[in-house]
Amino acid sequence: MPIDLRSDTVTRPSAAMREAIAQAPVGDDVYSDDPTVNSLEERVAAMFGKEAGVFTPTGSLANQLAIRMLVAPGEELIAETNSHIVRAELGAAAVFSGITTRTFPAKNGQLKAVDALEIARPNSGPYLVSTTAIAVENTHNFGGGTVQPISEIAALRKGADDLGLALHLDGARIWNAHVASGVSFTEYGKYFDTISVCLSKGLGAPVGSVMLSTKDRVAKARVWRKRYGAGMRQIGLLAAGAHYALDNNIDRLAEDHRRAKEIAVAIASVNSSLIDPSTVETNIVGLDLAGMPITAAELAQRCRDAGLWISALGPKYARLVTHLDFDDAQCQEAIEILKKALVA
Ligand SMILES: *Cc1c(COP(=O)(O)O)cnc(C)c1O
């Protein structure tokens, strides 16, 4: 079996999770009859101090439903240049909701409230696009699993309130942020009008995200979910996997973070320009190959030939992501493969 560090989405449900899925009471969710998905939506909403939640098959859909609730067609969402909403959702905000985006760059994706607030232009009148919301990604995926400082989130909320702007949290990996920072889910929750969380990343459920907000916004988002073709039936099967993940797989993320750090330290010992281990706060190790005579695709191929799968996300940017199907023995093996591939 190859060691697969392309993403934390590659995990397979454990026997115990499959058992929980098999036992789940279910019903037709389009009639709101599925007790397991209903309890999941209530549970995740309560965790973040929100009124309600709606289950979605993907994090992209959860993000898209959320920003649709905040930003009208022809209005603007501000986000970081390398955020998932801007780069990895295939223009969905424009295609489905008529939302334009304007972006600001941030080193390692790390939020500085002032960067977002500076370019915000609410109530721009009949000539320029009006900003209505700002999105924050925590942890920041393409930034290298960066945890957003709670002080900057608080400052952003204050500035957004002064300008009358809404805030969305793309919390696909908010679980990792919580474990790394110790900041509670309700603390993260209180700063945002809408939140999306993924159950199929580090938590290891096979499918699923939840969009959280007020009862009113979630009721509207449910209509749009059906309109987009994602009204689902006996999805208690999926929700049961998510319940199991919430019960068992949050605290163990600390292990993923420890292994990511070990990999980063080992790689930095080959060449310190590849990565600064102090920037590896969670489960993502992003390698900057700018100072190396090798492309990310070449590195990925060398690793693949040796039994390690990693992602080449840019010409000179490679990414490794640790997860619950990756143990200490595999970590040592991955480090040996990477060291050889980098000096070859
Ligand atoms: C994975 C991810 C999502 C959602 O992705 P899907 O593949 O649509 O589930 C959203 N935001 C971030 C930051 C992600 O990493």
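**Exercise 1. Describe the surroundings of S213.**

*Solution.* 
Step 1. Begin with the side chain: in this predicted model, the side chains of S213 and R217 form a polar contact at 3.0 Å.
Step 2. Look for a backbone partner. A polar side-chain atom of S213 also lies 2.7 Å from the backbone oxygen of D193.
Step 3. Decide whether S213 is buried or exposed. Its relative accessibility is 2%, and the cut-off for a buried residue is under 20%; therefore S213 counts as buried.
Step 4. List the contacts, leaving out residues up to four places away in sequence: S213 touches K50, E51, A52, D193, T194 and V218.

**Exercise 2. Characterise the shell around the ligand.**

*Solution.* 
Step 1. Identify the residues. Those surrounding the ligand include T58, N63, H84, E137, D170 and K201.
Step 2. Sort the shell by class: two residues are nonpolar, six are polar and four are charged.
Step 3. Find the element that gives the most to the shell. This is helix α3 (residues 59-70), with three residues.
Step 4. Examine the distances to oxygen atoms of the ligand. A polar side-chain atom of S60 lies 2.6 Å from one, and a polar side-chain atom of R173 lies 2.9 Å from one. For G59, a backbone N or O atom is 2.8 Å from a ligand oxygen.
Step 5. Consider the cover: on its own the ligand has 380 Å² of accessible area, of which the protein covers 83%.

**Exercise 3. Determine the setting of I85.**

*Solution.* 
Step 1. Locate the residue: I85 is in helix α4 (residues 84-87).
Step 2. Apply the cut-off of under 20%. I85 has a relative accessible area of 6%, so it is buried.
Step 3. Compare sequence with space. N63 and I85 are separated by 22 residues in sequence, while their C-alpha atoms are 7.2 Å apart.
Step 4. Name contacts beyond four places in sequence; among them are N63, I67, L77 and A135.

**Exercise 4. Describe the nonpolar cores.**

*Solution.* 
Step 1. Find the members of the largest core that touch the most others. Within its 49 residues, these are L40, F48, W175 and L199.
Step 2. Identify the main contributor: helix α11 (residues 236-248) supplies the largest share, five residues.
Step 3. Note that another core lies apart from this one; its 32 residues include A266, L289, C303 and A318.

Conventions: Residues are numbered from 1 along each chain as its sequence is written. This is a predicted model: local features need pLDDT of at least 70, side-chain atom pairs count only at pLDDT 80 or more; totals for chains, interfaces and linings use all residues. Side-chain values use heavy atoms; hydrogens and water are left out. A nonpolar core is a set of buried Ala, Val, Leu, Ile, Met, Phe, Trp, Tyr and Cys residues joined through side-chain atoms within 4.5 Å. Buried means under 20% relative accessible area, exposed over 50%, partly exposed in between (1.4 Å probe, protein chains only). Helices (H or I, at least four residues) and strands (E, at least two) are DSSP runs, numbered from the N terminus. A residue is near a molecule or strand if one of its heavy atoms lies within 4 Å of it. A polar contact is a pair of N or O atoms within 3.5 Å; within protein, one must be able to donate a hydrogen and the other to accept it, and residues adjacent in sequence count only if both atoms are side-chain atoms. Accessible areas come from the Shrake-Rupley method with a 1.4 Å probe; for residues, only the protein chains shown count as cover. Ala, Val, Leu, Ile, Met, Phe, Trp, Tyr, Cys and Pro count as nonpolar, Asp, Glu, Lys and Arg as charged, and the others, Gly among them, as polar. Contact means heavy atoms within 4.5 Å.
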